[in-house]
Amino acid sequence: MSALCGTGMGIGVPAAGGFTCSVCKIKVKPNGKGVWCTKRRVSLSIRAASSNRTVVEYETGKDERARFAGDDTLSKLVNLIISVKPIYSLLKLGAKNVMVRTAEQNGIAWKEMVEEMKASDVFAEKENLENAAVVYPDYYTKPFHAYENGNLSWEAAFDVEPATRALWKRTLPSAKSWQEAGDMVRGKWVEAIQAHHCKFSSGLLVSDILELGCSTANSTRFLANYYNNAQVTGLDLSPYFLSVAQYLEKRDPACTESRRKSIRFVHGNAESTNLPSKSFDIVTVAFLLHECPRDASRNILKEAYRLLRPGGTIAITDQSPKSKVIQELPPALFTLMKTTEPWLDEYYLLDLESELVNCGFTHIRSILTSPRHFTCTATAAM
Ligand SMILES: C[S@@+](CC[C@H](N)C(=O)[O-])C[C@H]1O[C@@H](n2cnc3c(N)ncnc32)[C@H](O)[C@@H]1O
């Protein structure tokens, strides 16, 4: 007989009084609360996809954080350059062109993908998803990512998929394809969540997962495939992004009826979601905080704490200030990056660990889960 531990990653290896999880080394008992699950198929395939890479350790740089972000002289110089309107406009256009060109060189048919979305019936999704009562915070209605209306436009929403694929390929240039790169990075991310939850949640079963800032639901779908017995909620402020998410979910040939039912999308603000307290076992915050001013990030972490059940896990993944690759980015590239990311300085100065402690989180752990990104996990107090 073999089995998986309560969080679904490993296979039970027989041991005295029960089994030991082959991945997180936690001892599980046949009759213990939530220790058996039936996630074998999905978890094994994900493990297989990432198993020969789990040994990879990514390098940190020599500085505390990248010098182009925060309050260093270099950072101020970059900010001065991009504060000149005509230079800013040129750089902004340049940044988008560079992104599209490199993506197409890597086999990502950016323009074709956008045209396909324009011709689709994605537009109908917005009516069902949009919550007219949502109030957008000021920072969200400003130009952002080279789009005049920030994330509140179809133009931005249609670019998300090709831009995300390009990001994965840039993150792991040695991967054979963007798919392989994406699976490896998300595989490491979910492994970090899994191992943390397994170790610190005292057997809290993973039934409800929330992704704050889910965008077009790439990570949401990955979570739903992995924790295939859980209900997964993706929340975002952009009804345009959520429409694309819902449309892609319906159209995905790999999406079974049960998976479709296990994902729901909510249009809302991650700072104040109106979702019930203590209603989730895992809350993920993936690539959201670098897009937020510091106060919004603080509110999001507090809200995640409120939403987690005791023993639940928060997982934040984002650009790592300590990453060697990020610290050594050529000046021209990081200047381009800053023209499209207005909150990078505040993000790089955020002391995430202290913020988590202030919210009440314990067992805070952080590791690099790609050459550029960290995953920080922590537990809501019991
Ligand atoms: C880079 S994307 C996240 C990507 C996604 N989590 C993934 O892993 O593929 C950042 C998202 O956060 C959303 N966002 C920004 N501020 C938000 C807020 N206060 N509440 C909810 N969503 C927010 C944006 O609309 C955008 O979709």
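# Notebook: a look through a predicted model

**Entry 1. Overall make-up.** I counted the secondary structure first: the protein has 15 helices and ten strands. Helices (H or I, at least four residues) and strands (E, at least two) are DSSP runs, numbered from the N terminus. I noted that this is a predicted model, where local features need pLDDT of at least 70, side-chain atom pairs count only at pLDDT 80 or more, and totals for chains, interfaces and linings use all residues. Residues are numbered from 1 along each chain as its sequence is written.

Next I looked up burial. Of the 382 residues of the protein, 45% count as buried. A residue is buried if 20 or more other C-beta atoms lie within 10 Å of its own, exposed if 12 or fewer, and partly exposed in between, with C-beta atoms placed from the backbone.

Then I turned to contacts. Two residues are in contact if their C-beta atoms, placed from the backbone, lie within 7 Å. Among contacts in the protein with a separation of 6 or more, 72% join residues 24 or more positions apart.

**Entry 2. Around the ligand.** How many residues surround the ligand? I found 21, and the closest are Gly 213, Ser 215, Ser 219, Ala 270 and Ala 286. Here a residue is near if its C-beta atom, placed from the backbone, lies within 6 Å of the molecule. Helix 8 (218–226) and strand 5 (231–236) are the elements that give two or more residues to this shell.

I sorted the shell by class: eleven residues are nonpolar, seven polar and three charged. Ala, Val, Leu, Ile, Met, Phe, Trp, Tyr, Cys and Pro count as nonpolar, Asp, Glu, Lys and Arg as charged, and the others, Gly among them, as polar.

I stayed with Ser 215. It lies in the loop between strand 4 (208–212) and helix 8. Ser 215 counts as buried because 24 other C-beta atoms lie within 10 Å. Its phi is near 55°, a positive value in a residue other than glycine. Most residues other than glycine have a negative phi.

**Entry 3. Two helix pairs.** Two packed helices are described by the angle between their axes and the distance between the axes. Axes are lines fitted to C-alpha atoms, for helices over the stretch in contact, and angles run from 0 to 180 degrees between N-to-C directions.

I took helix 6 (residues 154–171) and helix 7 (residues 178–200) first. Their axes come within 8 Å and cross at roughly 75°. Helix 6 is therefore roughly perpendicular to helix 7. Angles under 35 degrees count as roughly parallel, over 145 as roughly antiparallel, 65 to 115 as roughly perpendicular and the rest as oblique. Helix 6 brings Arg 165, Trp 168, Lys 169 and Thr 171 to the contact, and helix 7 brings Trp 178, Ala 181, Gly 182 and Val 185. By class, I have four nonpolar, two polar and two charged residues there.

Helix 4 (residues 110–118) also meets helix 6. These axes come within 9 Å and cross at roughly 140°. That angle makes helix 4 oblique to helix 6. On the helix 4 side I listed Trp 110, Met 113, Val 114, Met 117 and Lys 118, which meet Phe 158, Asp 159, Glu 161 and Pro 162 in helix 6. This contact has six nonpolar, no polar and three charged residues.

Entry 4. Is Ser 75 buried or exposed? Ser 75 counts as buried, because it has 21 C-beta neighbours inside 10 Å. I placed it in helix 2 (residues 73–82). Leaving out residues up to four places away in sequence, Ser 75 touches Arg 67, Phe 68, Ala 69, Gly 70 and Asp 345. Ser 75 and Phe 334 are 259 residues apart in sequence, but 9.7 Å apart in space, C-alpha to C-alpha.

Asp 345 came up again with Pro 293. The two are 52 residues apart along the chain, and their C-alpha atoms are separated by 8.9 Å. Pro 293 sits in the loop between strand 7 (280–286) and helix 11 (294–307). With 19 C-beta neighbours inside 10 Å, Pro 293 counts as partly exposed. Beyond four places in sequence, its contacts are Tyr 139, Trp 343 and Glu 346.

**Entry 5. Strand 9.** I finished with His 363, in strand 9 (residues 362–368). His 363 is not a glycine, yet it has a positive phi of about 50°. It is partly exposed, with 15 other C-beta atoms within 10 Å.
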